[in-house]
Amino acid sequence: MPDRDREPTIGELLDRSGVSRRGFVKYCTAMASLLALPPLAGRAMAQQLRAAHRPSVIYLSFQECTGCLESLTRSFSPTLESLLFDVISLDYDDTLQAAAGKQAEQARDRAMKENYGKYIVVVDGSVPTNDGGVYSCAGGRSAVDVLTEAAKDAAAIICVGTCSAFGGIPHADPNPTGARAVSDIIGDKPIVNVSGCPPIPEVITGTLLQFVTTGQVPDLDAHGRPTVFFGNTIHDRCYRRPFYDQGKFAKTFDDEGARNGWCLYELGCKGPTTYNACATVKWNGGVSFPIESGHPCLGCAEPDFWDRGSFYSPLASARWGKAGEVSPTEAAEIAAGAVAVGAALGVGSVLLGRHRQKARIEGSEKQEDGDGSH
Amino acid sequence: MSRLGAIPIHVEPRPVEAAPAALSGTIGGGVAALLTEIAMLLERVAQGGEPQAIDVRSLPMSPDDRTQLVAALGSGEIEITLRADGESTIRETSVRGVWWTEYRDRHGTVVANFIEIAPVPQILVVETDELQRGAERLRAATRVPPPSREEQANA
């Protein structure tokens, strides 16, 4: 039976394709930087990777919009093609592969058989469970069925996107398809959640590379996400954070505060409660991230982000409801989320933000009533 | 005074490299902390420690902070262009042993940017197995092929 271990190592493949040692060290240094490792760890990482074999990867797409795969194909460092050719062997991906129908399904079955216990399953999309799972089928089989079979002999599962990690948008109320996260269905395999809608491409490729380099599941947070990418809130690493600490907020999308690049907290930014690497890794090859483009964070890497009220309500309003007084417990909870520096100011901002927005909404409603437009 | 050695010589130390302009100006707290860290790492390397590096991209720096840092470190005598899977640059700063390293991929996108504290940037160092392969390659190029049967017969 063919075995991945008898195939050339990554180093041998690189030598054959003319990639120099320095070129590969450079690549690994970029990876080390992404994984928050010391930059000079790239050298050791290169040595380790050169001796490794490319792992077989089976990419399963279920109830999803393909946004996560679109994101992955735009990874700058490493690029998808370098990942595919140099580091992993993508043996099944029904969206990217040329094969279709029975040939495609055979490719998946063969990869699972040949790499028993060693392959990685990447899942994109939630798994519908209502009505026997009929809402996501391929080749006459339901997503639950395909996932259960693929997971059985896998080394690990990487859930790409909030849908496979937490159920995502299909799971949003009223969840007509009974969408569930992979971790709700598979309980006996290591699962790494790379959440986001979509996740940052470099976070997807970085997580895969980390696994290939060390052969181990990375350190995970309470939601099963790699702490190296999800260890800080967007707010903690946001370049607009000093304005939050100074109490300077944009109150509309076109006021002086917005033009001056002040904090977007009062416009509904979910940065304080969202753990992701957008503020450091950024998007489009490090060009910017939503807050840098003037839009509040939606909190897409968190469970149930779609059901947490308006994207444009300040966090206080979204969490506490539209009316009522703030209890000491709730205030303490927000203060903890606001992190030590400026925490007291944070609570003040929450209250002010809520009242300011309420006043604005009431003001505009009165105006609309006066206009007789509604 | 009959011997050359009898001539009294006083060796004057070279003037200390002028402090980078920005060092004398006002430096932000974050940049000052970073310079202190670089100084500490330099001392560690000077005492025989492993080369060190600080990942600039992982630091939440404003454009002003970065300008201050670049000015504070100044520029040195060496600039290296590395052509391996894209063109990258390694520049010596005015502080010896402190290098600005910027790696770019083949599309010109910056993929790593760090300050390296080492006598020589580590990516320049050639591994032992590469030295060995180089020697083998040169020996193969200069090796005289064994004489053919005809040549042997004629001899």
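Hi everyone, let's start with chain B, where five strands form an open sheet in the order 1-5-4-3-2, with antiparallel pairing. Strands pair here if DSSP finds at least two bridges between them, and helices (H or I, at least four residues) and strands (E, at least two) are DSSP runs, numbered from the N terminus. Strand 1 and strand 2 (79-83) of chain B stand at the edges with a single partner strand each, so one side of each has no neighbour in the sheet. On average, neighbouring strands of this sheet are turned by 20° against each other, direction ignored.

Before I go on, the housekeeping. This is a predicted model, so please keep in mind that local features need pLDDT of at least 70 and side-chain atom pairs count only at pLDDT 80 or more, while totals for chains, interfaces and linings use all residues. Residues are numbered from 1 along each chain as its sequence is written, and chains are lettered from A and ligands numbered from 1 in the order in which they are written.

Back to the chain B sheet. Strand 3 (residues 87-92) and strand 4 (residues 98-104) of chain B run antiparallel and are joined by four bridges. If you want a pair to click on, B:Glu92 stands opposite B:Trp99 in strand 4 of chain B. Now, which helix of chain A packs on this sheet? Helix 2 (residues 21-34) of chain A does, touching strand 1, strand 2, strand 3, strand 4 and strand 5 of chain B, and its direction makes about 90° with that of strand 5 of chain B. Axes are lines fitted to C-alpha atoms, for helices over the stretch in contact, and angles run from 0 to 180 degrees between N-to-C directions.

That brings us to the interface. In total, 21 residues of chain B are in contact with 22 residues of chain A, where contact means C-beta atoms, placed from the backbone, within 7 Å. Strand 1 (52-55) and strand 5 (110-117) of chain B each supply at least two residues of the side that touches chain A, and strand 5 of chain B gives the most, with three residues. By class, that side of chain B divides into ten nonpolar, five polar and six charged residues. For the classes, Ala, Val, Leu, Ile, Met, Phe, Trp, Tyr, Cys and Pro count as nonpolar, Asp, Glu, Lys and Arg as charged, and the others, Gly among them, as polar.

Staying in chain B, let's look at helices. Helix 2 (residues 29-46) and helix 3 (residues 63-73) of chain B pack at an angle of about 40°, with their axes 9 Å apart. The residues making that contact include B:Leu34 and B:Leu35 from helix 2 of chain B, and B:Leu69 and B:Ala72 from helix 3 of chain B. The contact has five nonpolar, two polar and one charged residues.

Is helix 4 of chain B buried or in the open? Of its 15 residues, the number buried is zero, so helix 4 of chain B lies largely in the open. A residue is buried if 20 or more other C-beta atoms lie within 10 Å of its own, exposed if 12 or fewer, and partly exposed in between, with C-beta atoms placed from the backbone.

Over to chain A, which has an open sheet of five strands in the order 2-1-3-7-9, with parallel pairing. Strand 2 (89-93) and strand 9 of chain A are at the edges, and the twist averages 20° from one strand to the next. Strand 7 (residues 156-160) of chain A runs parallel to strand 9 of chain A, and four bridges join them. One pair is A:Ile158 with its bridge partner A:Val192 in strand 9 of chain A. Helix 6 (residues 101-114) of chain A packs on this sheet, touching strand 1 (56-61) and strand 2 of chain A. A:Lys102 sits in helix 6 of chain A and is exposed, with 9 other C-beta atoms within 10 Å.

Last, some backbone details. Most residues other than glycine have a negative phi, and most peptide bonds are trans. So where are the cis bonds? One runs from A:Asp173 to A:Pro174, with omega near 10°, and another from A:Cys197 to A:Pro198, with omega near 0°. A:Pro174 is in the loop between helix 8 (162-166) and strand 8 (179-180) of chain A. That loop also holds A:Asn175, whose phi is positive, near 50°. A:Asn175 counts as partly exposed, with 17 C-beta neighbours inside 10 Å. A:Asp304 also has a positive phi, of about 55°, and is partly exposed with 14 C-beta neighbours inside 10 Å. Thanks, everyone!

Key: Two residues are in contact if their C-beta atoms, placed from the backbone, lie within 7 Å.
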